[in-house]
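Welcome! Here is a short tour of one protein model, topic by topic. Keep the 3D view open as you read.

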Amino acid sequence: MDKEIYLSDYSYHLPPEKIPLFPNPDKHKTNLLLYQHTTISHHSIENIIELIPPNASLFFNETKVIPARLLFTKETGASIEIFLLRPSSATQNEALESHSANKWNCLIKNKKKWKEKQLFLEKQTTFGKTILCAERTELENEILFQWNQNISFLEILRIFGNIPLPPYIKRPPTKNDTNDYQTIFSKNNGSVAAPTAGLHFTKHILEELEKKQIPLHFLTLHIGAGTFLPIKTENVKHHTMHTEHIIIQKKNILHLLNSKYNIAVGTTSLRTLESMYWYGAMLLENPNARFFIPKLYPYNNTHNHIEKEKAIEAVIMKMEKEKTDILQGETEIFIFPGYHFKMVQGLITNFHQPSSTLILLVAAFVGDDWKKIYQEALQNDYKFLSYGDASLLIP
C-alpha cells in the first residue's frame, strides 16, 4: 500500500464529560446509533433485535478479563504497579493454569523506585498464608512470578490482582467492576481489557435474537493492553502493533463457508475474523504456515483476489489434517483506511478515542463518514469509550 495515512486526519475533540466512569445502570436505555448505507438514525440498544438484518450472523468475543493489575507497596510507602501483558514463553491459558513459576511481559509503573531484587505480596486465605513474589529478570519488563501455594496463577491473580480498568476511567476499581467490566458470556480467561461492545448484550437481548433465529457464534481474542497504547507516529504505518491470541472453534469456521452476512460484535471479533481470512491465504501459499498475521500483511499481500470460501476451506483442511476442532494463533493485524474487508459486513462497536487504532479501524470500515457519525453522536449526547453507548455500522 503506497498511500500514507496521517494520524492528524483521525482526531476529533472528545470532551471529558462524554466519558462515563461507571456503566449505565439501566442497560436497556443505552443509546444505539445506526449507520446504514450513509444514513444515520437513533435508537435504544433494545431496538437492535429489529435492526439486525434477517440473514445476518453475529460473532461475539467470549474472552474473560483477568485481574491483571498487581500493586506492591514497599516499606518506604512507594507503590510499584505491575500490569500483566502476556506470558513470555507459554500460551495465555498455559500460563494462567500453571501451578509453578512463570514469566510475563509487563508494564511497570514507578519502575525507577524498584531497587530490590524481589517484591512481595501476602494475604491470609483459605489456602493459608499465601505469598506472591515478583522478580525482575535480565530482560526488559519481564517479571518472574513465584508463589508458595499449590494453586494456579489465575487463582493467585484472583487473590492479589485488580480488574484493569482502562486509563481513561480515572478512578480506582470497585467490587462492582468485577462484573460490570465483563460480558455476560465471558468464558475464556486471558484478556486485560473487556470487549466492550459485548457489554451491551443482556440475557434478554440474546434470547430475543435467538427467537428471531439469528445465528450467534462465539470466538476468542484475548485483548492486550496495547489496545490502549497511543499512536506516537504521524505516519500511522510506523506504529508498533500489539500481538493478541486467537481461539476459534471449527464449527464457527464451517458456518462461515455458507454465511453471506457477518456482523462482528466489537472490533476484536472483527480482527479475529479478518485474521482468519489472511491465515487461509497464507496456507494456500504455504500449507505449513503458522497462524501469525503480521501487522501489514494484508497490504503487502498479493492474495487480495482470493475468495473468502477458498481461504476458509484452506483453514478447515489444515485443521482436519491436524485432527483438531480448535484453531489457535496470533495476530497483530493493523486495520486502517485502505484495508479491504474480506469477512465482515457489519460492526457493532462503541465510540472510540481520537487518534487511536480503533478509530482508524472504524474509518476503514465506513470511510470518511466516520466524521459524520462521531459528530452526530457528540451532538446527541452519546457517551463514549468503554462504559459508553453503542453503534451498529452497516456500510
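Which residues form one aromatic cluster? They are Tyr-10, Tyr-12, Phe-351, Trp-370, Tyr-374, Tyr-382 and Phe-384. Bear in mind that this is a predicted model. With that said, let's look at the rings, the sheet and the helices.

**Aromatic rings**
- Across the whole structure, a search finds 25 aromatic pairs.
- Phe-334 and Phe-336 make an edge-to-face pair, with 5.0 Å centre to centre and 80° between the planes. Both Phe-334 and Phe-336 are buried.
- Tyr-374 and Phe-384 also pair edge-to-face, at 5.8 Å centre to centre with 75° between the planes. This pair links distant parts of the chain, 10 residues apart: Tyr-374 sits in helix α11, and Phe-384 in the loop between α11 and β18. Tyr-374 and Phe-384 are both buried.

**The sheet**
- Ten strands build an open sheet with mixed pairing, in the order β2-β1-β18-β17-β14-β3-β12-β13-β16-β15.
- At the edges you will find β2 (39-44) and β15 (292-293), each pairing on one side only.
- Strands β1 (residues 31-36) and β2 run antiparallel and are joined by six bridges. Here Gln-36 stands opposite Thr-39 in β2.

**Helix α7 and its neighbours**
- Helix α7 (residues 267-285) packs on the sheet, touching strands including β3, β12 and β13, and its direction makes about 85° with that of β12.
- Helices α7 and α10 (residues 357-366) pack at about 65°, with axes 11 Å apart, and their crossing is left-handed.
- Thr-267, Leu-270 and Arg-271 of α7 meet Leu-358, Leu-361 and Phe-365 of α10 in this contact. By class, the contact has four nonpolar, one polar and one charged residues.

How values were computed
Residues are numbered from 1 along each chain as its sequence is written. This is a predicted model: local features need pLDDT of at least 70, side-chain atom pairs count only at pLDDT 80 or more; totals for chains, interfaces and linings use all residues. Side-chain values use heavy atoms; hydrogens and water are left out. Two strands pair if DSSP finds at least two bridges between them. Helices (H or I, at least four residues) and strands (E, at least two) are DSSP runs, numbered from the N terminus. Contact means heavy atoms within 4.5 Å. Axes are lines fitted to C-alpha atoms, for helices over the stretch in contact, and angles run from 0 to 180 degrees between N-to-C directions. A crossing is left-handed if the near helix is turned anticlockwise from the far one by less than a right angle, and right-handed if clockwise. Ala, Val, Leu, Ile, Met, Phe, Trp, Tyr, Cys and Pro count as nonpolar, Asp, Glu, Lys and Arg as charged, and the others, Gly among them, as polar. Rings of Phe, Tyr and Trp (its six-membered ring) pair if their centres lie within 6.5 Å; planes under 30 degrees apart count as stacked, over 60 as edge-to-face and the rest as tilted. Buried means under 20% relative accessible area, exposed over 50%, partly exposed in between (1.4 Å probe, protein chains only).
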